[in-house]
Every structure is written in structure tokens, then in C-alpha cells.
Amino acid sequence: MANVLIIAEHDNAALGQGTLSTVTAAAEIGGDVDVLVAGHDCRSVADAAAALPGVARVLHSEAPHYEHPTAEDMAALVTELARGYSHVLAPASTFGKNFLPRVAAGLDVAMVSDIVGVESADTFRRPIYAGNAIATVQSQDAIKVVSVRATGFDPAATEGGSAAVESLEAMPHADIAEFVDESLTSSDRPELTAAEIVVSGGRGLGSGENFQLIERIADRLGAAVGASRAAVDAGFVPNDYQVGQTGKIVAPKLYIAVGISGAIQHLAGMKDSKVVVAINKDEEAPIFEIADYGLVADLFEALPELESELDKTG
Amino acid sequence: MKVLVPVKRVVDYNVKVRVKADGSGVETANVKHSMNPFDEIAVEEAVRLKEAGRVEEIVAVSLGEQSSQETLRTALAMGADRAILVATDEALQPLAVAKALAALVEREQPGLVIAGKQAIDDDANQTAQMLAALLGWGQGTFACGVELGDDAVTVSREVDGGTQTVRLKLPAVVSTDLRLNEPRYVKLPNIMKAKKKQLDVIDAGELGVDLAPRLTTLNVAEPPKRQGGVKVASVAELVEKLRNEAKVI
Ligand SMILES: Cc1cc2nc3c(=O)[nH]c(=O)nc-3n(C[C@H](O)[C@H](O)[C@H](O)COP(=O)(O)OP(=O)(O)OC[C@H]3O[C@@H](n4cnc5c(N)ncnc54)[C@H](O)[C@@H]3O)c2cc1C
Ligand SMILES: Nc1ncnc2c1ncn2[C@@H]1O[C@H](COP(=O)(O)O)[C@@H](O)[C@H]1O
């Protein structure tokens with residue numbers, strides 16, 4: 001029977017959304033599920049993990065060097081632990097992508113990246129070629145190391161479980177790599193990958209200042225703000241706004257693309273959204289081929305109008 | 001210092017790939033191939049480090065069919081000094097690529113490996129991290145800034161919430177993100193010069209490492225198709241439809 005270890009992503013205060021989707025993927029694999037919470041002063045996270053339905057055990061490992069763990073330190077801890085499991089899962093975020101391949105190599109097993117579906121305990125579906133094809137792959141290894149794309153699985157419930165929390169001794173810090181610092185974008189808006197509505201802007205916005213037009217719509221809808229790579233490259237918004245093959249993958253209830261042409265690499269990050277709206281002045285823009293509602297218009301007229309329309313009633 | 005740069009030949013990023021009718025894979029015959037875009041960034045970074053006097057030699061490496069020689073010639077034209085093709089007709093998975101690269105690192109003894117963060121065909125995002133693990137080296141993945149010192153490299157990394165900086169002891173592995181640099185256009189005289197640079201071909205079998213695939217692809221299918229919807233005539237109509245038809249706001 002399967003015996004799954006999930007590596008929780010968190011900020012030492014709360015569990016990340018991606019972890020909840022990973023719990024759902026684990027449930028589809030079946031068997032026992034343990035969750036590793038490695039961090040610093042992160043007891044509240046361990047308790048939150050213990051409340052997830054279906055979790056048997058939470059392994060709580062505390063150390064100063066787990067506050068901002070390096071891939072080297074995470075991998076050292078997880079590789080040791082992994083030998084007792086049939087599956088090791090983590091969210092396919094920059095956190096999971098960073099250390100999981102190290103774990104797989106340490107165990108001399110393959111890794112399955114970015115799964116969007118579970119066929120059976122050893123067979124998974126994952127996108128390749130920027131999501132233009134879906135591969136079904138089977139692993140022959142004794143331990144399956146898998147990263148889980150959050151949009152592929154509904155988030156698990158956050159209460160109902162009552163797992164035991166056990167403490168796990170930390171591994172010594174590996175001095176080949178040191179965390180130096182971090183600068184995180186702060187925002188009062190919902191997190192891009194977890195938001196129900198996303199409003200994204202592209203090169204068509206023309207400047208960072210003009211992104212206020214996008215932000216005003218987002219604030220009226222309680223939405224997150226995203227961007228195309230062209231908008232990020234042009235310096236309109238920070239890099240963590242990027243949606244796409246190499247940015248964030250989102251699948252909100254509503255995705256509004258403004259001044260975005262719809263390159264394959266952008267579509268790869270948003271085409272699983274439930275409803276897509278495109279606003280673009282070029283009626284030939286490829287984004288219209290996948291939009292449920294297309295508006296051919298100049299965004300500098302359409303956005304202010306949208307703002308007042310949203311203010312009317314609702 | 002010597003830098004090793006692994007470069008992969010992939011279907012060009014502008015090609016809209018087609019899934020084969022028998023579900024065995026995607027159509028790669030007669031479609032344009034080029035260097036994986038992240039690897040171009042890796043070559044560019046190595047060349048800039050050399051131009052800045054931090055690096056003496058750049059060795060580009062590719063694993064794959066003979067046609068990957070083309071990709072290596074591009075790397076040479078961009079400014080790599082020498083190239084190695086590890087020839088094989090088998091499609092190698094990231095763990096196998098990492099093992100082969102680790103064997104080459106043993107031979108070449110570079111102080112730094114700069115790889116791409118992800119190959120845009122398998123979208124695996126694994127090889128650099130696996131290589132670092134096999135070598136016991138530090139890793140700086142998703143790099144948007146690289147500062148190379150004498151015994152350490154400082155790497156700024158693109159992470160989900162913003163950016164993070166790590167410092168790695170050398171030797172180390174770096175993987176590139178899109179914003180690290182903008183690769184140069186290759187000029188014709190450099191293409192001519194590249195033809196004379198050294199390109200060694202070795203058989204993958206010679207490396208003496210286990211390259212067998214661990215994952216079996218059972219099927220490759222088209223993703224669910226999104227149907228285009230309707231055009232709306234006005235902002236008012238759009239809002240009305242979102243409220244009453246789609247019921248999403
Ligand atoms: C390896 C690789 C990875 C990549 N990864 C990503 C990724 O993750 N995410 C991503 O987004 N891209 C990615 N790209 C880039 C991608 O190929 C496109 O270049 C990019 O998505 C284009 O952004 P855009 O649509 O904003 O710009 P453009 O293609 O320039 O489109 C701008 C659009 O705005 C419209 N417009 C202009 N002015 C107005 C106006 N006043 N009113 C209304 N509409 C207007 C235009 O009609 C046009 O359609 C990647 C590329 C590569 C090679
Ligand atoms: N066959 C290959 N030949 C050379 N380099 C490769 C090969 N496969 C992967 N790489 C390197 O590893 C990086 C990540 O690839 P992947 O892990 O497959 O997404 C690429 O950007 C290349 O730098």
C-alpha cells in the first residue's frame with residue numbers, strides 16, 4: 001500500500017495553498033499520508049497540517065536554518081526521510097521545484113514534475129511542451145518523487161483531521177549554500193495562484209503607471225493582478241506577476257486578459273481558467289480564440305468604462 | 001575559471017506542436033529546432049563573465065542526436081570556446097542527463113556549471129538540481145542575477161513571492177531564468193569562426209553511467225480544447241454577461 005510523504009510549503013506562520021492541493025493529490029494516490037513541516041518557530045503550521053483531513057502524522061522539524069531553508073538543507077532532510085515512503089510529494093512551486101529534484105537524484109530515482117492528474121499509484125498525467133500536450137507517464141522506481149501543480153487538484157479542506165504531531169530532529173546545516181536575503185512583493189490583494197478572479201495586463205498597457213487601470217478593476221472584483229512576460233520584461237510590474245509557461249500557473253473562476261496577445265507561453269499559464277475575458281484592440285489577436293467573451297476595444301477607453309460599470313450595481 | 005554550459009536542442013518555441021495521432025508523442029520531424037531559450041541565456045551569461053575577465057574558458061555540452069552539433073555551433077558562435085557532443089539516439093531523461101553531465105564534470109573540472117532552468121520540450125525543470133545533488137555542490141536555480149567571486153557565487157533567484165539571494169561556495173551549479181540577460185544575436189563572422197572551433201563527439205556509452213529511462217510514457221494526448229466564445233459589443237454587455245450568464249462576478 002502507498003505511504004505518502006508530503007513536504008509542506010509555508011512561511012513559518014501559515015500553510016501555503018499549494019500544500020492543500022498536494023494533499024488532494026495524495027488522497028487520490030491512496031494510502032497513509034504524513035506531512036513534513038520543516039521551519040523555524042512554525043508550531044502553528046504543524047498544528048494546521050495536523051488538522052488536514054486524511055493526514056496520519058505530522059513530522060515537525062525546527063531549526064534556525066529552516067527559516068528560509070536552502071534546497072541543500074531541505075534535500076538533506078527529505079532524502080533521509082524519503083527512504084521510508086513509497087511517494088514524496090510537494091507543490092510544484094519555486095519551493096518544490098528547487099529541492100525535489102535534488103531529493104530524487106539523492107535517491108537515484110526519476111522525478112515526475114508538475115502532475116495535473118493521478119491515474120494510479122505509479123501513473124500520472126503531466127503537461128509537456130507548454131501544455132500543448134498531456135503525457136501519461138508511469139514510474140518504475142520504488143520511490144516516486146512527484147511535484148503537484150496546484151491548479152490540477154482542488155485544495156483539501158483545512159479542518160476535520162486530528163493527526164499526531166511528532167518532532168523530527170533537524171539535519172545539520174550544509175555550508176555549501178547560504179540564504180542571504182529575500183525581497184517579497186507585498187500586496188493586500190489575494191495571492192495570484194489562489195485568487196478566484198485574476199486581471200492581467202500585457203504590453204498593451206504601455207507603462208507601469210497605466211497598470212493602475214488594471215489595479216482599479218482588480219480592487220473592485222477582489223481580484224489578483226497578473227501580467228504577461230512582455231509587461232514584466234518592460235518593467236511595468238515585478239517578475240512574480242508573470243503568468244505562463246515559465247511564470248505562475250493560474251486557473252481562476254474568471255481571468256481577464258487586457259492588452260495581451262495570447263502567445264502559447266502565456267496561454268500555458270491560464271487556459272484552464274473557467275471563464276476567460278479578453279480585451280484587445282486587435283480583433284485578430286490569438287487570445288480571442290480561447291476567450292469566452294471578447295471585447296475588441298482600446299483598453300484606455302474600455303477599462304475606465306468597465307470600472308464605472310462595475311460600480312453601478314452588483 | 002572554466003564554465004560548463006549544457007545546451008539542449010529542442011523544438012523551436014514558436015512552433016505550435018502537434019500530437020501524433022497514435023498517441024506516441026508529438027510530431028518532431030520536419031519542424032524547426034533551435035537551442036532551448038534558457039540555454040541561450042546560460043551561454044550568454046557565461047560569455048559575459050568571460051568578457052568581464054572572470055572566466056577563462058567556456059565549454060558547451062549537448063546530449064542527443066548528431067543534429068545537436070548545430071546547437072553546439074550556435075553556442076560556439078555566441079562565444080563558447082569549445083564544444084562536446086555526447087551522442088545518443090535515445091531520448092534521455094533528466095536523471096540520465098544529470099549523470100552524464102556529472103561524468104563530464106569529473107573530466108573537465110569546471111568551477112561553475114550554468115544550465116537552463118527548464119527545457120521547453122519536457123518542461124521538467126530538474127537537470128540542474130539533480131546535477132548539483134550528484135556532485136554534492138550548491139545550486140542557484142532560477143537565476144536573475146549572478147555575481148561570480150573567487151571562491152563563491154552570489155545568485156539572485158526568481159521565487160514565487162519576489163526574489164531571493166543565496167551565496168554558494170564554488171564549484172556550484174546555476175540555472176537561468178528569463179530575465180538574467182538578453183542573449184546576443186549571432187553575427188555572420190562569428191558563425192564562420194565557430195566552424196573552426198573544436199567540437200568533440202563522444203559516444204554516450206563511453207561515459208560509463210546508467211542512462212536507462214526510469215519513466216515510461218504510456219500516452220501523449222491533446223489537452224482539452226478551449227472553445228472560443230462570443231464577441232461582445234460593449235463594456236456594458238460584457239458586465240451583463242459576466243453577471244447573468246457566466247455568473248462569475
Ligand atoms: C522560453 C519562453 C518562455 C516564455 N514564457 C512566458 C510566460 O511564462 N508568460 C508570458 O506571458 N510570456 C512568456 N513568453 C513570451 C511570449 O512568447 C510573448 O512574447 C508574451 O507573452 C507577449 O506578451 P504580450 O501579449 O503582453 O505582448 P504582445 O504580444 O506585444 O501583445 C500586446 C497586445 O496588446 C494589444 N494592445 C496594444 N495596445 C492596446 C490598446 N491600447 N488597447 C487594447 N489592446 C492593445 C495588442 O493588440 C497586442 O495583442 C515566453 C517566451 C519564451 C521564448
Ligand atoms: N539533452 C541535453 N543536453 C544538454 N543539456 C541538457 C539536456 N537536457 C537538459 N539539459 C540542461 O538541463 C536544463 C534543464 O532541463 P530539464 O530538466 O529537462 O527541464 C536545460 O535547460 C539544459 O541546460
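Student: In strand β4 (residues 57-64) of chain B, how many of the eight residues are buried?
Tutor: This is a predicted model: local features need pLDDT of at least 70, side-chain atom pairs count only at pLDDT 80 or more, and totals for chains, interfaces and linings use all residues. Buried means under 20% relative accessible area, exposed over 50%, partly exposed in between (1.4 Å probe, protein chains only). β4(B) is mostly covered, and its count of buried residues is seven.

Student: How many bridges join strand β1 (residues 2-6) of chain B to β4(B)?
Tutor: Residues are numbered from 1 along each chain as its sequence is written, chains are lettered from A and ligands numbered from 1 in the order in which they are written, and side-chain values use heavy atoms, with hydrogens and water left out. Strands (E, at least two residues) and helices (H or I, at least four) are DSSP runs, numbered from the N terminus. Two strands pair if DSSP finds at least two bridges between them. β1(B) and β4(B) run parallel, and their bridges number five.

Student: Which residue of β5(B) stands opposite B:Val59?
Tutor: β4(B) is joined to strand β5 (residues 82-87) of chain B by six bridges, and this pair runs parallel. The residue facing B:Val59 is B:Arg82.

Student: What area is buried between chain B and chain A?
Tutor: Contact means heavy atoms within 4.5 Å, and here it takes 77 residues from chain B and 83 residues from chain A. Buried area is the accessible area (1.4 Å probe) that two parts lose on being put together, summed over both. Carbon and sulfur atoms give 53% of the total, which is about 6800 Å².

Student: Which three residues of chain B lose the most area to chain A?
Tutor: Together they make up 11% of what that side buries. They are B:Asp160, B:Arg214 and B:Arg226.

Student: Which element gives the most to the side of chain B that touches chain A?
Tutor: A polar contact is a pair of N or O atoms within 3.5 Å; within protein, one must be able to donate a hydrogen and the other to accept it, and residues adjacent in sequence count only if both atoms are side-chain atoms. The interface holds 51 residue pairs in such contact (both at pLDDT 80 or more). Elements supplying at least two residues each include α3 (94-108), β9 (162-169) and α6 (235-244) of chain B. With eight residues, the top contributor is β9(B).

Student: Which residue of chain A is in contact with B:Glu245?
Tutor: B:Glu245 is found in the segment after α6 of chain B. Neighbours within four places aside, one of its contacts is B:Glu240. A polar contact of 2.5 Å links the B:Glu245 side chain to that of the chain A residue, A:Tyr293.

Student: Is B:Arg214 buried or exposed?
Tutor: B:Arg214 also forms a salt bridge with A:Asp108 (3.2 Å, N to O). B:Arg214 sits in the loop between β11 (198-203) and β12 of chain B, so this pair too joins two chains. A:Asp108 is partly exposed at 34%. At 13% relative accessible area, B:Arg214 is buried.

Note on methods. A salt bridge is a side-chain nitrogen of Lys or Arg within 4 Å of a carboxyl oxygen of Asp or Glu.
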